[in-house]
Amino acid sequence: MLARATRAVARNAHQTRAFMALAEDHDQIRDVARGFAEERLMPIAGETDRLHKFPREAVNELAELGFMGMMVSEEDNGGGMDAVSYAVALEEISRGCASAGVIMSANNSLYCAPVSANATSQQQKDEFLKPYASGEKIGCFALSEPGNGSDAGAASTTAKDQGDHFVLNGTKAWITNALEADAAVVFATTDKSLKHKGISAFVVDRNTPGFSVGAPEDKLGIRGSSTANLIFEDCKIPKSALLGKEGDGFKIAMQTLDGGRIGIAAQACGIAQASLDIAATYAAERQAFGKPIKALYAIQEKVSKMACQLESARLLTWRAAAYKDAGRNYTKEAAMAKLVASEAATFNAHQAIQVLGGMGYVSDMPAERYYRDARITEIYEGTSEIQHVVVALNLLKGYAAEATTLPAGSKDEGHAAQEMAA
């Protein structure tokens with residue numbers, strides 16, 4: 001008994017050390033990403049936003065750093081890095097420019113990840129993974145539709161089996177990187193009678209006849225990243241376009257979104273950090289009542305709350321990434337990280353404007369851009385409401401499993417309290 005307890009204490013001590021600081025290699029990746037963000041992204045972020053301009057040159061440089069396919073194996077032209085490296089780098093890139101952050105996130109999490117995990121042949125990898133993992137090309141992820149946002153299982157886009165090929169028909173909405181993408185991971189119903197089990201995933205080249213891109217959306221924030229509809233009209237694709245097996249689409253989509261939520265959590269942490277940075281810097285410089293406003297309790301409280309929200313979000317994000325790297329189920333952890341980080345980004349951006357006052361409301365300062373950029377993090381890759389559902393279902397599933405192990409007729413106090421609260 002004592003030996004077992006001693007081992008548990010030692011294990012917990014190691015875990016505590018792991019959360020106190022990043023490993024050396026992760027620190028090095030963060031330093032590289034931070035340097036790039038400060039030197040190359042921060043100077044262009046305002047113009048990128050104002051002109052709705054895709055930061056092509058910066059994205060090419062991200063590719064040179066190995067950041068466009070970080071978790072893809074080196075054999076497939078990726079960076080061969082882990083999820084913690086990805087989260088750390090993406091936060092820094094998003095701190096510099098949230099538009100660049102989501103471009104990087106979509107290519108890594110939403111395109112390269114499902115293609116890498118579900119490619120059915122080496123030819124498919126050669127054509128649809130390697131050039132995207134290297135950053136030579138950019139991909140996108142087409143799940144949402146005009147009539148189904150959070151209800152991913154209600155895909156009205158169809159893929160009809162025509163013997164030696166499929167024919168795609170339908171429209172996908174809110175697609176990040178739509179205008180620049182060279183290929184898309186597309187989800188379509190192959191058997192309506194099976195409902196969500198009748199959805200399949202395909203990888204489709206944008207030059208395929210019948211595949212077109214709609215007009216770009218005029219968005220509130222992340223305006224350097226294009227968002228548009230993908231339209232499929234009798235789009236003929238080969239059988240080799242199928243990812244995984246027929247009917248695997250919904251499972252692939254959900255697994256992809258788990259990983260994608262780590263990316264968006266990291267992006268949100270970057271926005272939250274940028275908001276804290278500008279608020280603290282301004283508070284140290286701005287004079288009121290004969291002293292810097294950082295001396296005022298009202299400002300101190302705001303900065304303290306911002307820091308607490310950010311640090312909580314960052315640790316949840318690192319934990320979700322660490323779970324993924326360890327091969328553990330991380331659905332709940334990713335949802336928690338995305339939920340808390342996105343709300344921290346919105347909160348911090350709001351508070352930054354309050355600290356800056358009138359200067360926070362004008363485009364001369366980036367605080368108003370952070371505010372606009374933050375808002376989408378609570379919406380895409382699963383709204384905050386959906387994250388609460390994911391967390392609750394996974395949490396309660398664990399309690400249900402625990403309850404089944406109790407002796408017949410017995411209940412612990414925690415379960416009794418839950419039943420009374422229900």
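## Salt bridges across the helices

At 25% relative accessibility, R40 counts as partly exposed, a class that lies between buried (under 20% relative accessible area) and exposed (over 50%), computed with a 1.4 Å probe on protein chains only. Before we follow its side chain, a word on the model: it is predicted, so local features need pLDDT of at least 70 and side-chain atom pairs count only at pLDDT 80 or more, while totals for chains, interfaces and linings use all residues. Residues are numbered from 1 along each chain as its sequence is written, and side-chain values use heavy atoms, with hydrogens and water left out.

Now to the partner of R40. Its side chain meets that of E61 in a salt bridge, with 2.7 Å from N to O; the term stands for a side-chain nitrogen of Lys or Arg within 4 Å of a carboxyl oxygen of Asp or Glu. Because R40 lies in helix α2 and E61 in helix α3 (residues 56-64), this pair ties together parts 21 residues apart in sequence. Helices here are DSSP runs of H or I with at least four residues, numbered from the N terminus. E61 is buried, at 19% relative accessibility.

Let us stay with salt bridges, of which the structure holds 21. In one of them, E38 pairs with R95, the closest N and O atoms being 3.2 Å apart. E38 belongs to helix α2 (residues 24-50) and R95 to helix α4 (residues 83-96), so the contact links parts that are 57 residues apart in sequence. R95 is buried at 14% relative accessible area, whereas E38 is partly exposed at 38%.

Finally, look at E47 and K53, whose side chains form a salt bridge of 3.3 Å, N to O. Both are partly exposed, E47 at 35% and K53 at 41%. Elsewhere, salt bridges with shared partners join R34, E38, E92, R95 and D277 into one network.

Key. Helix = DSSP H or I, 4+ residues; strand = E, 2+ residues; numbered from the N terminus.
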